[in-house]
Amino acid sequence: MEEQLKADLKRSGFKKKKMFDGVFIACVLAFPILHFLVFYVGVNFNSILLAFKTFDQETGNYVFAGFVNFKTFLSDLTGEQLMSICFKNSLTLYFVGLLIGMPLNILIAFCVFKKIPFEGFFRVVLFLPSIISSIVFVLIFKYFIDYGYPEIMGKLHVTDYPNLLADPRYAFGTIIFYGLWTGFGSGVILYSNAMTRIPVSLIEYDRLEGVGAIKELFTVVIPLIFPTITTFLVTGVAGLFTGSGAVFSFFREDAPSHLYSFGYYLFVKVIGSHSSLADYPYAAAAGLFFTCVAAPITFMVKWALEKFGPSVEY
């Protein structure tokens, strides 16, 4: 009888523990689910509906029109030259950030992690563009292009030099250079912070074994901070169709067509001086289309990185 009572109490305690575990898990999941519902579904609910509407000039209201906006956007996407420019520039911005920006961020973060001379100074200087308004840096950069660059060319006795922001051959490259120049702040901080979590014993063991800095970077540091790298790679893919570089900061809504990207095109479509209420459904349809394209690519990249990326335990 006593053993039966103990068994019943044990079963009852197990059920209570299981119930409390379920409540705890539900409470933990409730916050991100609520966050998604409020800040994505709630905020974008009207935008999603707007993609299926058109603006009635007579009544001044939006009316449902089915997939008209999607048909118009897909027709523009396949037929307009501006869209091919947007596609090329969007991909260029993404791959420059991926193949040049990210490696430079990791390399500079590694130098800071290895405590090169004045590493604290470099950390502050590189993070300044993230603190000071981007407009200030744009003004400084434009001042250099307008006055400092011609002065340097004059000192070098070069007379036939291009205007880096006005010449279509160099304008987009100049914008990309500016983005790389001012884009080290948050990446360097996050990568270097991830590196500080590497056990000191591993670094000391490498030093005792005579492992060089380059080998240490590729065989120890990068595998151990790969979750942070994965985060940047996944968010980069998610923003493939929304990035515009610093085009708006330099040209506002008057950028020449050869500088357009999808992000800039849709941004100007909504807030430009020539935009109207009739443009909103078109922009909403384009945004929803890009979401449907980018979402599966993002999940696929995340899955591939988690499956085939380096897995290290320490």
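This is a predicted model: local features need pLDDT of at least 70, side-chain atom pairs count only at pLDDT 80 or more; totals for chains, interfaces and linings use all residues.
Visitor: How many helices and strands does the protein have, and what makes a stretch count as one?

Guide: There are 13 helices and two strands. Helices (H or I, at least four residues) and strands (E, at least two) are DSSP runs, numbered from the N terminus.

Visitor: How do you know what radius of gyration a compact globule of 314 residues would have?

Guide: The globule rule is 2.2 Å times the number of residues to the power 0.38, and the radius of gyration is taken over C-alpha atoms. For 314 residues a compact globule would come out near 20 Å, but this protein has 26 Å. Its C-alpha trace spans about 100 × 70 × 30 Å along the principal axes.

Visitor: What makes β1 and β2 a pair?

Guide: Two strands pair if DSSP finds at least two bridges between them. Strand β1 (residues 53-56) and strand β2 (residues 61-64) are joined by four bridges, so they meet that definition, and they run antiparallel. Phenylalanine 55 has tyrosine 62 as its bridge partner in β2, and aspartate 56 stands opposite asparagine 61. The hairpin has four residues between the strands, and there glycine 60 takes a positive phi near 75°.

Visitor: Why is cysteine 86 called buried?

Guide: Buried means under 20% relative accessible area, exposed over 50%, and partly exposed in between (1.4 Å probe, protein chains only). Cysteine 86 counts as buried because its relative accessibility is 0%. This cysteine belongs to helix α3. Contact means heavy atoms within 4.5 Å, and, leaving aside neighbours within four places in sequence, cysteine 86 is in contact with Tyr260, Ser261, Phe262 and Tyr265.

Visitor: Why does aspartate 167 count as buried?

Guide: Aspartate 167 has 14% relative accessibility, so it counts as buried. Its place is in the loop between α5 and α6. From aspartate 167 to proline 296 the distance is 38 Å, C-alpha to C-alpha, and the two are 129 residues apart in sequence.

Visitor: Is histidine 157 buried or exposed, and why?

Guide: Histidine 157 counts as exposed because its relative accessibility is 71%. You will find histidine 157 in the loop between α5 (134-155) and α6 (171-182). Although histidine 157 is not a glycine, it has a positive phi of about 60°.

Visitor: Why is arginine 252 called partly exposed?

Guide: The relative accessibility of arginine 252 is 45%, so it counts as partly exposed. Arginine 252 sits in the loop between α11 (247-251) and α12 (262-271). Its phi is near 55°, a positive value in a residue other than glycine.

Visitor: And why does tyrosine 280 count as partly exposed?

Guide: Tyrosine 280 has 30% relative accessibility, and therefore counts as partly exposed. This tyrosine lies in helix α13 (residues 280-308). Apart from neighbours within four places in sequence, tyrosine 280 is in contact with Leu50, Tyr62 and Val270. Tyr62 is also the bridge partner of phenylalanine 55.

Visitor: Which residues of helix α9 are buried, and what do they pack against?

Guide: In helix α9 (residues 213-224), the buried residues are Glu216, Leu217, Val220, Val221, Ile222, Pro223 and Leu224. They pack against α3 (81-113), α7 (185-196), α8 (200-208) and α10 (226-238). Over the whole protein, buried residues make up 32% of the 314 residues.

Visitor: How do you know which residues carry the positive and negative charges?

Guide: Lys and Arg count as positive and Asp and Glu as negative, while His and the chain ends are not counted. The place of a charge is taken as NZ of Lys, CZ of Arg, CG of Asp or CD of Glu. The protein has 23 positive and 22 negative charges, and their mean positions are 9 Å apart.

Terms used
Residues are numbered from 1 along each chain as its sequence is written. Side-chain values use heavy atoms; hydrogens and water are left out.
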